[in-house]
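Take a walk through the fold below, strand by strand and then helix by helix. Keep the 3D view open as you read.

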Amino acid sequence: MTEQELAAADKRPTHEGVLRAMTKIGDILPKTPLLPLEVDGVTIWCKAEMLQPIGAFKIRGAWHRLSDLHEDERARGVVGVSSGNHAQGVAWAAKRLGISATIVMPSNAPRMKLEATKALGAHVVLYDRATESREEVAAGLIAQSGATLVHAFGDPWVIEGQGTAGIEITEQLHGLRLSGPDLIVSCCGGGGLASGLALACPDAEIAIVEPEGWDDIIRSLDAGEILPVRDLTHPTYCDALQTPQTYPVNFEILRSRVSQGVAVTTDEVATAMRVVFEKLHLVLEPGGAVALAAVLAGKIQPKGVTAVTLSGGNVDRELFLKLLAQAA
């Protein structure tokens, strides 16, 4: 390993790292809105990350990681693994920085995410989610090119970058003369966003929400050890949250900070998407809706000043219309 690679291997995400990422991200991206939504007479605050340039929060971690690469690392390019939102974040950052990007994506990723990633100039390599390991595919590509892996959630820079959403939430609440947040309800796949929010907001309780059948982090926290998803073929519309298992760097943060975790159903997700469309006039993808779904279903109760992540809005039109029609 080079000196740079050894330093990267030893890096641990920190609150100070989140603050540094916020300075970098604040230079290129405006803050996304923090919108009030009344639920059973209580106001919660929704962080509208679907309004990012790539339609999801993933742009934060991707920019923090890629902009920290040294010249020789930039010359060798980057490899990412993603079902689509992280893919677009890496592709967006790579295009802006003049870095070659290859993204390993599942063959059944949403069409719009595949097309958007390619349109940003990234090379896409497809794999079968049920029978192949995206980590192994990525490792083979890296062995050939010497590229840097930009993992979707298990990367210290990515975690710090995602945490900048929490810094914004705090600043926006203070701007409204509110304290907090007392509770942050986070969509959760591999745990990159939830880990970053925990680092960004050390005084807030963190609640995580996963889709039914893909609740491996909830099960892992209950067991005290990392457990994989039981069935990689379990059907879900929450493609953004279909991660086989979390990484130790995420688990170590979450095990000390998560106060509760729940799983939500497709019907509950569809209801959240409809509520956001009708009351906030925004498009929310299934994976980006799970946190709000848990609050609306009464599975997580607001506490004091409660913030909820609306983490992405990249959904094919046909699926969006289908779930809105299905919503209660």
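Is strand β2 (residues 42-48) largely enclosed by the rest of the structure or open, and why? The model is a predicted one. In it, five of the seven residues of β2 are buried, so the strand is largely enclosed by the rest of the structure. Buried here means a relative accessible area under 20%.

Look at what lies beside β2. On one side is strand β1 (residues 34-39), which pairs with β2 in the antiparallel sense over six bridges. Leu34 stands opposite Lys47 in β2. Pro36 has Trp45 of β2 as its bridge partner. The two strands form a hairpin, with two residues between them. Asp40 sits in that turn and has a positive phi of about 55°.

β2 also pairs with strand β10 (residues 306-310). This pairing is parallel and runs over four bridges. Here Ala48 stands opposite Leu310 in β10.

Now step back to the whole sheet. It is open, has six strands and shows mixed pairing. The strand order is β1-β2-β10-β7-β8-β9. Its edges are β1 and β9 (258-264), each of which pairs on one side only. Neighbouring strands of the sheet are turned by 25° against each other on average, direction ignored.

Helices lie against these strands. Helix α8 (residues 156-175) packs on the sheet and touches β1, β2 and β10. The direction of α8 makes about 135° with that of β2. Helix α10 (residues 216-223) lies across β8 (205-211) and β9. α10 runs at about 125° to β8.

Is Gln162 buried or exposed? Gln162 has a relative accessible area of 0%, so it is buried. Which residues does Gln162 touch, leaving aside its neighbours within four places in sequence? The contacts are Phe57, Lys58, Arg60, Gly61, Ala152, Gly192 and Leu193.

Next comes helix α5 (residues 85-97).

How many of the 13 residues of α5 are buried? The count is 10, and the helix is mostly covered. Among the buried residues are Asn85, His86, Gln88 and Trp92. What covers the buried residues of α5? The cover includes α3 (58-67), β3 (78-81), β4 (101-106), α6 (111-119), β6 (148-150) and α8. After α5 comes Gly98, with a positive phi near 70°.

Finally, turn to helix α13 (residues 286-296). This helix is mostly covered too, with 10 of its 11 residues buried. The buried residues include Pro286, Gly287, Gly288, Leu292 and Val295. Just after α13, Gly298 takes a positive phi of about 80°.

Notes. Residues are numbered from 1 along each chain as its sequence is written. This is a predicted model: local features need pLDDT of at least 70, side-chain atom pairs count only at pLDDT 80 or more; totals for chains, interfaces and linings use all residues. Side-chain values use heavy atoms; hydrogens and water are left out. Buried means under 20% relative accessible area, exposed over 50%, partly exposed in between (1.4 Å probe, protein chains only). Two strands pair if DSSP finds at least two bridges between them. Axes are lines fitted to C-alpha atoms, for helices over the stretch in contact, and angles run from 0 to 180 degrees between N-to-C directions. Contact means heavy atoms within 4.5 Å.
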